[in-house]
Each structure stands twice: as structure tokens, then as C-alpha cells.
Amino acid sequence: MSSSGAEAAACSPPSKKARLDRDTGSNCTGNHNLPLATNNKQEVDMAQNGGANEIDEGLYSRQLYVLGHEAMKRMGTSNILISGVAGLGIEIAKNVVLAGVKSVTIHDQANVQISDLSSQFFLREEDVGKNRSDVSCPRLAELNSYVSCNSYTGELTEEFLSKFTVVVLTASSLAEQLRIGEFCHSAGVHFIVADTRGLAGQIFCDFGDNFKVVDPNGEQAISNMVASVEKEENGILGVVTCVDETRHSYESGDHVTFSEVQGMTQLNGCEPKEVKVLGPYTFSIGDISEMSDYTKGGIVTQVKVPKFISMKSIKSAMDAPEFVLTDFAKFERPGQLHIAYQALHLYISQHNSMPKPHSQSDAEKFLALAQELNAQSATKQEQLDDKLMLLFAKTCAGNLAPMQAVIGGIAAQEVMKATTGKFSPLNQFLYFDAYECLPEDGVDGVITEAMCEPKNSRYDGQTAVLGDQIQNQINDLKYFLVGAGAIGCELLKCFAMLGLGSGENGKIIVTDMDIIEKSNLNRQFLFRPSDVQQPKSSTAARAALKMNPRLHIESHENRVGPDTENIYTDKFFTQLSGVANALDNVDARMYMDRRCVYYRKPLLESGTLGTKGNVQVVIPNLTESYSSSQDPPEKSIPICTLKNFPNAIEHTLQWARDQFEGIFTQAPETAQQYCKDPKFIERTLKLPGTQPFETLNQVYAVLVKEAPKSFEDCVHWARIMFEDNYSNSIRQLLFNFPADQTTTSGAPFWSGPKRCPHPLKFDIKNPVHFEYVMSAANLRAANYGFKQCRDRDLIADLVSKVNVPEFVPKSGVRIETSDAELQGRNDSFDSDAVESLQQNLPSPNDPSLPKVNPADFEKDDDSNFHMDFITACSNLRAENYDIAPADKYKSKLIAGKIIPAIATTTSLVVGLVCLELYKLAQGHKKMESYKNGFVNLALPFFGFSEPIAAPKNKYYDTEFTLWDRFEIDGEMTLKEFIDYFKEKHRLEITMLSHGVSMLYSFFMPPAKAKERMSASMSDIVVKVSKKRIPSHVKSLVFELCCNDDTDEDVEVPYVKYNLPN
């Protein structure tokens, strides 16, 4: 989440200019009553993503890691029509424009009503009475200058519809859906219906009779190293066994191809072969009887084989629907909602209006209509859910921002699937509902018709569902939003639409210590190009205020953690209604989770990874916390694999990243510490093993031995580094372990995961060789404050003058072949060598010492040589070991540990979060009311479950969970504290700690224990920790180890020790 300022000058897409008036957009055109005419065509072409084969990687980088270049190119030629731009339509349009299609035309013949502001975030109160499409278009256009945005208010004729790749209807009658759907199906135009009615949503997709899916799931192709290929079943069936380091992870039905196979060379580059899994390390590949016998080696790689899907038109699908299940606990719900939606269209056609919000009489009319329709329907439900029909009727007139976000996120992803063939489309109907958001005891008598009557308020769309009392509760909520990135921006948008924090007692506090980068603009939709290099939190807060000027919002630029507990104090947390996390790292999430448990505040936790997303709601005294379960740790690469035996590009990239950090960051930092820290030598000499010698030798090299005097010296150093890394070290390795080396068992040493390397001969004409030297020299120059040089001819000339010493491999050089050998190595340092180094080091105060500047790795700045170095460094090592190289784009993903991201998933996830917020605002108490969720839009998959209850522990007959604690008010001596637990709780304290400080233990020396017994608890904390208790700290936390009456250890809660005022 950090950024260099170097790209600020070039942060905006080429055609985007900062505008003073955000109400107009240079890439927005209005056509009002005419089909897309020739006068717009130029606008559309100009807005294309940098041309047919050019994509702005600086803007789309995180999305590119989700979709890939080919899909992005296909999407960049697509024209999209979205009809209806109330809350749902604008949500879809926002996500599609951010994604980078060629053009988006929004269509609406209706004028803005005040109730639209409940979920349409681009509308303002002064827009009431104006056309929705015309008002929204310029604000939509600001999201992405590469996308042409057009407003259209005419009729949806077949001539007009035929100009689009995808047509999306969000506010159409069933008759209109059938008319347009049938035309689109016959004309080859992809067709989507998306609709929300209160707490229910619907999506339908029709991509034609023969839709090509090029990648069903978007997962990275799996590669494995081959251990053997056997001919079984009379020499016919090929059975592949993989090297047993890891399971192959293929599934039956997958397809694979091969490379680097010796002996059975017919497999290399073969047509994809279908896999049948036989075991975790074995699978069959069909008939190989005509192939030679296998000798050794080989890599097997998964191949994504396109598949074709046939979809029905909406007219055909209505009577024989296929449903995507969104909640396995509501197995019968899609069929019920299918009837409800048809009944609603019929009701509107008969009454020329929707059922009134929470009107019992209108709901009963709707129910009668639904029952009649069901009886005649080809999709008749055996038992119509009357209660569901009544709820649907009472709430369908409302529009809720979270529902628009959920359905809008899913529908926008379907638009992308239609234009790219990337991921599996919905087949074909999806229904989703969230009636758990209504009062737990039911709506009858709790939400009345009078509570839901329009009041000429921007929240009328929300009160139509929830009533004005719940609306007032939402207005008065106080929420702490931690993070203003992608999830944070979407949450602020939803908070603004909900009115959260807009009441007299309400407030939103948002904090984020980051600044806006160009790559953020693709999914953090509150930011514009002119905001780059500005603080995220304050910029997002201003944008949210434009959406709802009634918000009370306060922005901070603080990192949450122990260092800011003087800001986020007991008083701060006590006033909160809850916390919403919008963080991108586990440590910060766990810290905020601990804070919420301590202060007993609800936590809304969420995250995304490409098309995957998850939501967790943490409820005080009810559920487990975020920290109660953790993902397994990432698998680490063995050190010896990195040092000497890489077999995958991930290994060489990690090695390159380690080179960068070691040479350009850690070494200069160590030299800086030597110059600034008077106790540096003292601390260094206390380090174990050879570390004292290595550390001092590093300082000597940076400041004296290898310190360059000019850029020419930097080039010389870089050329020698190439020789050392890619020739000399490899020659030494092959000297120790020749290509024909065998193990003690007689097996080839260079086999399985060990790939035999070869040294490289430097070639100035080889672009990778040159890029390595150029980037390494410039990074070295930056370390020492020299002016960087991009003159390739000059650098080539300097390289040609470098005299490279002859290298001869040495006997007696030890090279470990496993991490076990490495750990067993017993290195000791030569005290005389260390003493000699100390004497040779210059004084830290010597003014002639070079001023070194450590590099701070920044993957997104293409001008700083960081990724140029890592890419070249990795690919040269890959060349050593005959590993396929990776381009800069893939190298950035792996070495930069980039989290792929796309706006659609963020939209969906935040919608789900805010549905849980509705429940928290009302104080729902039942576990079954809440939903944790996991989604994967690529498949698509939706999984919801009740939160897990907080685990219960017990001492004696007292049950407790992580939410419980002992609470003590006022000061006590240690003796009084121990006696209190003995007398009141029958617990004998055997150990007592505060943080890392041990305050008391049964094995403590008697004299020390006696001395502490009469001291106050706070005095003991100060004495043992050697730190004063800050003035903002109102209570201390003590951890106890206790025995019960039987002298057995028992687990007990912690102690909250409230200090006297």
C-alpha cells in the first residue's frame, strides 16, 4: 500500500484532464432520442484502451491479473447498453466502466425522484426532475477516460439494439424483457436482465446458442515435474507419476500437455490429453502405445480447453428455468421467487403501480395473484410460500444500496464474461434474497404502512423496506472504517446511501495512512486522476460527502496499531456502534479484531482475491472472532532450492527479490545504522555465529571497499555481479556436482527437482543481459546519490571497457544440498578477523564517507528500475537452469506479491457486508439471522453459512467465551489481588503477566515475591516493564495461570483491571 512519487507526473491516462467542474465529462456524449449515430463513432474510437493492442497496465494492473491481456483486449472492443440507471443500473455501469470496455451507453426515459437517492450514488438533490441518464452520464464518464460514455433517452428499437455487444435491462417490464430478449437471441447480442425489488434480486443471462468459454475458472494452469511415464494395461495406457514433493492437484477431465520429456519425446508439445486421476501423484493420459519408452525428466502442464455453452432465450427459459443456487439453506427459494417476479409484473400491469410498502391489503392482492399464476404456471411450485409472497409484496417497492451492490456486482461480471469468454457464465437464472434483514420477530406490527410512507426524503427507498424507526437507528450509528482502499471506497458509498452517520448522534471515522496511486483508480471508484498522490482517507471522505452532504464524517491518516492507541483510546472505542475493516493485511485485521473483542464491539470483516470474496460478521457475546480461525501459512521455498537448485520461475523470482533486498536495501541500511547508532558495534558483536563478521564486512564493503566514485564504477560493479551470479557461481556448482554426478545409491544427482544448470556467457547484444547491467548500475547509483543514466549507448560503451577477472573453480568449497545440511552447518567466526575489520572501519563521523540511500521497493513505478532489475535478475537465473522466463508483467505479480483485484467482487462483497450491517443496526440476537459468506464470481459459486458460535470454556461450573473477562475496579496490592481470586473465585494464581512482563510466579524468588506483595498492581507494572503507564490508558490487561481446588491447571478469562480516575 505504499507508493513512490516518481510517477505522479504521468499518473493520468493520456486523454484524461483534471476538470474544475465535475458535472461535465469530455468522454460523455448525449444522444437523447436518436440511435447511436455517426457523430458518436469518433468519440467511441478515441476512447478505446490505447488502441487495439495496447492496454494501460499502470491503470489496469490489478485487474489484468484477474482477466489477462487477451480478455482485456476483447473487452476493450465491446459496446455495452445499460437500460435503466436507478441504483442497480448505475452500479452495473460503474463496474463496467471501471473494467475498461470500449463504450457504455446508459438509457433511461425517467426523471430523477428523491427516492432514487437511496441507492443512486451519482444523483444529487438538485437533480430531482431531470433525466436520470443525462444527469448520470458525465459523472459516470469521470471513472475512466478510456471508456466512451453515452446517454440515450429514446426508444429501444431493434436497429439501436443491434449496435451493442451486450444489452442489460434493469428497469423493464416483462413484456419488454421478452421482446428485447428474443431479438437479442436471434441477432447474436448477449442479453442480461438484472433487477432488485427491496430485499430480493434477479439476474438472467442469455449469451446465445453457442457461447465459447475460453477459461471456465480463471485459475492458474498447474505444472508438475514428471518422475515417470509407464505403459500399463498391455503397453497401452499411459500412467504419469509426478515428483512426490507435492500433490499434482489435477481433476479428472482436465487436459495436459508435456515438455522436456526425454525418451518419450512424442509427448513434448502434444495435443492436450485428458486426465483421469488415479491418485495424489498419479494420473492416466490414454493410449501411448505408439510412443517410445520414457527415459527421464519432463514437465506436465495443465491446458485450458475451451468449452461451448448453449443458452435458451428468455421466453424459452421462463417456462423451463435453470437456477444458480445462491444459498443452500434456501433450496426451494429460487422457484418461489421466479413465481413472485412474474406475479409482480402482472400486478403492475393490472394496477399500474407497485404494491404499497407494508400494505397488508395490497400484499393480500399480490398473494392471490401469485397463487393464481402458480396454479397455471409451467414452473408450478407444489406449495407456494405464502409468507414469502407477502414479504416480497410488502418490500418490493423499496430500493436498497446493498442489494444494488450485490446484484450489480454479479451482473457486471456477467457483462465481462459475455464480452471476453473468461469464466463460466450464470446458467441462466439467479435469484437472491436477504429477508433476514427484516426484524427478527417479523414485520407485522413492527413495521407499519405509516412508517414506510414517502416523506420526500432521500431515504424513502430504504424506509419503504425497513420503516422510519430503523432508518433513524441507522442514521445515529457511529462506525469506525479502517481503510479507504477498494473495499473502503465501496463501504463509504453504501454508508452514504444508507444515511449511516447522518443523524444527530451519528458519525463515520475513516482512517488510512496511504496515498492514492494510479493503479488504485481502476477499482477505488471515489478517486479520480487528479487525486493521485493525495491522501486516501480525506479524498474518500470528501467524495462520500458529495453523495450525501448530511454525513458526519471525519478522516484520519493513521495506521491502526499499538502506536496509535493514544488516539484510538478507551473513550474512542466506547462511543462506537461498530467497526468495519477494509484492510489488506492479516496483522492489521487481527489487531482490530482484538480491539473489537476487548471493547465488545461488532466487527464487519471482508476481503477479496480476484473473483473470490468473503464476508465475516463478528458479534459480541455470540460468535467467534476473526482471529479464532486462520488460513494455513504460505508454503515457503527451501533455502537450498533458492540458492542452488531452483526448478520453477517462482524460485528464481524469489531469489531475485532477495538479491534486490540484500544489495540495495539491507546493506545500505546496515551502513546507515553504523553511521548513526553509537552502540552499533556493541550490538553487532553480540550476534550469534558468523553474523558479527558478516555484518561488519557488509558495512566495510558498502562504505569503503566497494563504494563507487562515479556512475562508471556502478556499471563496472554491475558487470562483475553478472559474472559472479550467472557464470562463476554456476561453474563452481558444476565443479562440485558435475552433470554426470551420481548419489550414493547410484541415481543421477541432477534428476527430479534438481535441474542441471549451465553458466552464461555475457553478451552485450542480449537484451536481458544488458537490462540486468543497466538496472543494477542505476540502482547502485541511486544508493550512492549519483545521477542515473538511461543512455544505452553510453552504458554499452562503459561495459565494453570492464576487465572481467578470470575465474577458476576451487576445491574444498562446501555447497549444501538440503536445508537439513544447511542447519547442521556449525559456523564460527574468527575473532581476529572481526577485530581486524573493526580496526579497518572508518569512523562513523568521517565526513568523507559516502551518504548511502537504501532502496524502498516499489513495484508500480516503472521509472525506478526496481522491477527491471528483478525481472532481468530472475530470467538470467532461469536461463541458467533452463526454466521458462517470465515477462515483467508476470514477474511483478509474483515478486511484488500483488493481490489480483476487480471492482465487481468488491461491489458484491461490500453489498453483503452492508446487509449484515442492517441486522447489527437492529440488534439481531439470533445466530441464524446472520450470514458469513464466500463467493467466487468466476464459477460462479455462492456459499453462505451461520457464523460459528464462540467456543465455550469452563472452570468449575462457570462457562466463558473469548468475550468474557474478570473485571476489577480500583487499585489493589498484589496480595489483595491474589487473595481476591482465591476467596471470590476459588482460584489460586500461579502466574500473572501483563503483556510480555511477568509480574508474579510461584517459582519467583521468595524475597522478590515478598517485596511485590505489598506494592500496587500498577506500580509493579511500571517497575517490571520499565515504562510509565500512558495517561490515556484507563485499564490494564492481566493474563492468569490458575489452579483450582484440586490443584489442577484451569483455563480462565483475562482480567480487565480498571485504574482509578
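These notebook entries record what I looked up in a predicted model.

**Entry 1. Conventions.** I number residues from 1 along each chain as its sequence is written, and I use heavy atoms for side-chain values, leaving out hydrogens and water. Because the model is predicted, local features need pLDDT of at least 70 and side-chain atom pairs count only at pLDDT 80 or more, while totals for chains, interfaces and linings use all residues.

**Entry 2. Asp116.** I looked up Asp116 and placed it in the loop between β3 (103-107) and α5 (132-141). Helices (H or I, at least four residues) and strands (E, at least two) are DSSP runs, numbered from the N terminus. Is Asp116 buried or exposed? I found it buried, at a relative accessible area of 7%; buried means under 20%, exposed over 50%, and partly exposed in between (1.4 Å probe, protein chains only). A polar atom of the Asp116 side chain lies 2.9 Å from the backbone nitrogen of Gln113. With neighbours within four places in sequence left aside, Asp116 is in contact (heavy atoms within 4.5 Å) with Asn111, Leu123, Arg132 and Asn399.

**Entry 3. Salt bridges.** I searched the whole structure and noted 50 salt bridges, each a side-chain nitrogen of Lys or Arg within 4 Å of a carboxyl oxygen of Asp or Glu. I then examined several of them.

- Glu70 and Lys73 form one, at 3.8 Å from N to O. Both belong to helix α3 (residues 69-75), three residues apart, about one turn of the helix. Lys73 is partly exposed, at 26% relative accessibility.
- Asp677 and Arg683 form another, at 2.4 Å from N to O. Asp677 is partly exposed at 23%, and Arg683 is partly exposed at 45%.
- Asp1045 pairs with Arg986, their closest N and O atoms being 2.9 Å apart. Asp1045 is in the loop between β32 (1035-1043) and β33 (1049-1050) and Arg986 in the loop between α30 (974-985) and β30 (988-994), so the pair ties together parts 59 residues apart in sequence. Arg986 is partly exposed, with a relative accessible area of 42%.
- Glu91, Lys94, Glu490 and Lys493 are linked in a network of salt bridges.

**Entry 4. An open sheet.** I traced an open sheet of eight strands, in the order β21-β20-β19-β22-β23-β24-β25-β26, with mixed pairing; two strands pair if DSSP finds at least two bridges between them. Which strands stand at the edges? I found β21 (553-556) and β26 (941-945) there, each with a single partner strand, so one side of each is left without a neighbour in the sheet. The twist averages 10 degrees from one strand to the next. Angles run from 0 to 180 degrees between N-to-C directions, with axes fitted to C-alpha atoms, for helices over the stretch in contact.

Within the sheet, β19 (residues 478-482) and β22 (residues 578-581) pair in the parallel sense over four bridges. Tyr479 has Gly578 in β22 as its bridge partner. Helix α29 (residues 903-922) packs on the sheet and touches β19, β23 (603-609), β24 (612-618), β25 (932-936) and β26. The direction of α29 makes about 165 degrees with that of β23.

**Entry 5. Backbone details.** I noted a cis peptide bond between Leu939 and Pro940, with omega about -15 degrees; Pro940 lies in the loop between β25 and β26. Another cis peptide bond joins Asn427 and Gln428, with omega about -25 degrees.

Key: A polar contact is a pair of N or O atoms within 3.5 Å; within protein, one must be able to donate a hydrogen and the other to accept it, and residues adjacent in sequence count only if both atoms are side-chain atoms.
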